[in-house]
Amino acid sequence: MTEPHFTGDKRAIEVKSVSKSFGAYQALKSVSFDIGSNEFFTMLGPSGCGKTTLLRMLAGFESPDAGSILLNGKEVVAIPPHKRRVNTVFQSYALFPHMTLEQNVAYGLENLGWEQGRIKTRVGEMLERVHMGPMARRKPAQLSGGQRQRIALARALAPEPEVLLLDEPLSALDLKLRQAMRDELRTLQRDTGITFVFVTHDQEEALDMSDRIAVLGGGEVQQIGTPAEIYEEPVNRFVADFVGETNFLDVEVLDTTGREATSARPLAFPSPCRQPAQR
Ligand SMILES: Nc1ncnc2c1ncn2[C@@H]1O[C@H](COP(=O)(O)OP(=O)(O)OP(=O)(O)O)[C@@H](O)[C@H]1O
């Protein structure tokens, strides 16, 4: 496991020694990392590695068995989801089918008690931002998958959350649309300055969009780093295998003088497994 190494000044999220079991199965094993304010941070890993469980904990839908979670310096484990300034975008969009698009976007603002004039302005702004202004009066059933995902984003961003959680939001879209939405998500994150925590099992998506990536495997953080660090300097075989296109070779190890290594003269390696990778 690698140590988190966020070096910016402001931490939006601190996950400290978080563990979680479901019955006898330990889904998360003392996981720790920090996410910086304004970061596009991705949790990447294969199915079952615990990434959705972690995301649900950040949202407040799940509690850790041990450890703590801080949002902007404040412990939130005991705080219910609606009292955290955190919103989630789901793969399934979760739009209200009987409401128009503008009503969908307004819904959360009404619940927060915003005044009607302010809601109208904010809904207009958000629909424009996701290029859906002309369709404001439509209902979700009249939209394509990509358009529904844009409305889900507008709805989640409208109340100006401190953190936006995105749970595999692109996986229901076709390949071409997925690529376009990656760019849009990145632009939205940069323009709004909101911390995005993105969950995916898609390596390319993670490498393409993220400021930093946490690679999860077996309920543990295997490595945290920038896309270049993760891709070019995987710290172990798991990361090299999951993230890169790698060939693993059985080799006979010789020292620098070309003699065979012996136990009396052990060789040192820079990291447990370093695979030169090319994009
Ligand atoms: N409520 C639950 N009850 C029992 N086991 C659960 C529950 N939630 C998650 N798990 C188990 O915990 C492990 C981690 O699940 P999690 O959903 O976090 O994985 P994931 O990495 O998001 O996988 P996927 O990409 O398939 O959604 C899995 O083995 C899963 O079966």
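Visitor: Which residue takes a positive phi in the hairpin of S1 and S2?

Guide: Gly23 does, with a phi near 60°, and that hairpin has two residues between its strands. A word on names: helices (H or I, at least four residues) and strands (E, at least two) are DSSP runs, numbered from the N terminus. Keep in mind that this is a predicted model: local features need pLDDT of at least 70, side-chain atom pairs count only at pLDDT 80 or more, and totals for chains, interfaces and linings use all residues. Residues are numbered from 1 along each chain as its sequence is written.

Visitor: How many bridges join S1 to S2?

Guide: First the general idea: strands of a sheet pair through backbone hydrogen bonds, either parallel or antiparallel. Here two strands pair if DSSP finds at least two bridges between them. S1 and S2 run antiparallel and are joined by eight bridges, and Phe22 stands opposite Tyr25 in S2.

Visitor: What is the order of the strands in the open sheet of four?

Guide: The order is S2-S1-S4-S5, and the pairing is antiparallel. Strand S2 (25-36) and strand S5 (74-75) are the edges with a single partner strand each, so one side of each is left without a neighbour in the sheet. Inside the sheet, S1 and S4 are antiparallel with five bridges, and Val15 faces Ile69 in S4.

Visitor: And what joins S4 to S5?

Guide: Two bridges join strand S4 (residues 66-71) to S5, again antiparallel. Leu70 stands opposite Glu75 in S5. The hairpin of S4 and S5 has two residues between the strands, and there Asn72 takes a positive phi near 45°.

Visitor: Which strands does helix H1 touch as it packs on the sheet?

Guide: Helix H1 (residues 51-59) touches strand S1 (11-22), S2 and S4, and its direction makes about 60° with that of S2. For touching, two residues are in contact if their C-beta atoms, placed from the backbone, lie within 7 Å. For directions, axes are lines fitted to C-alpha atoms, for helices over the stretch in contact, and angles run from 0 to 180 degrees between N-to-C directions.

Visitor: Which residues surround the ligand?

Guide: The shell is Phe22, Ala27, Gly45, Ser47, Gly48, Cys49, Gly50, Lys51, Thr52, Thr53 and His201. A residue is near a molecule or strand if its C-beta atom, placed from the backbone, lies within 6 Å of it. H1 gives the largest share of this shell, three residues. By type, the shell has three nonpolar, seven polar and one charged. In that count Ala, Val, Leu, Ile, Met, Phe, Trp, Tyr, Cys and Pro are nonpolar, Asp, Glu, Lys and Arg are charged, and the others, Gly among them, are polar.

Visitor: How do I read two helices, and at what angle do H2 and H4 cross?

Guide: Two packed helices are described by the angle between their axes and the distance between the axes. The axes of helix H2 (residues 101-111) and helix H4 (residues 145-157) come within 7 Å and cross at roughly 30°. That makes H2 roughly parallel to H4. The cut-offs are: under 35 degrees roughly parallel, over 145 roughly antiparallel, 65 to 115 roughly perpendicular, and the rest oblique. Leu101, Asn104, Val105 and Gly108 of H2 make the contact with Ile151, Ala154 and Arg155 of H4.
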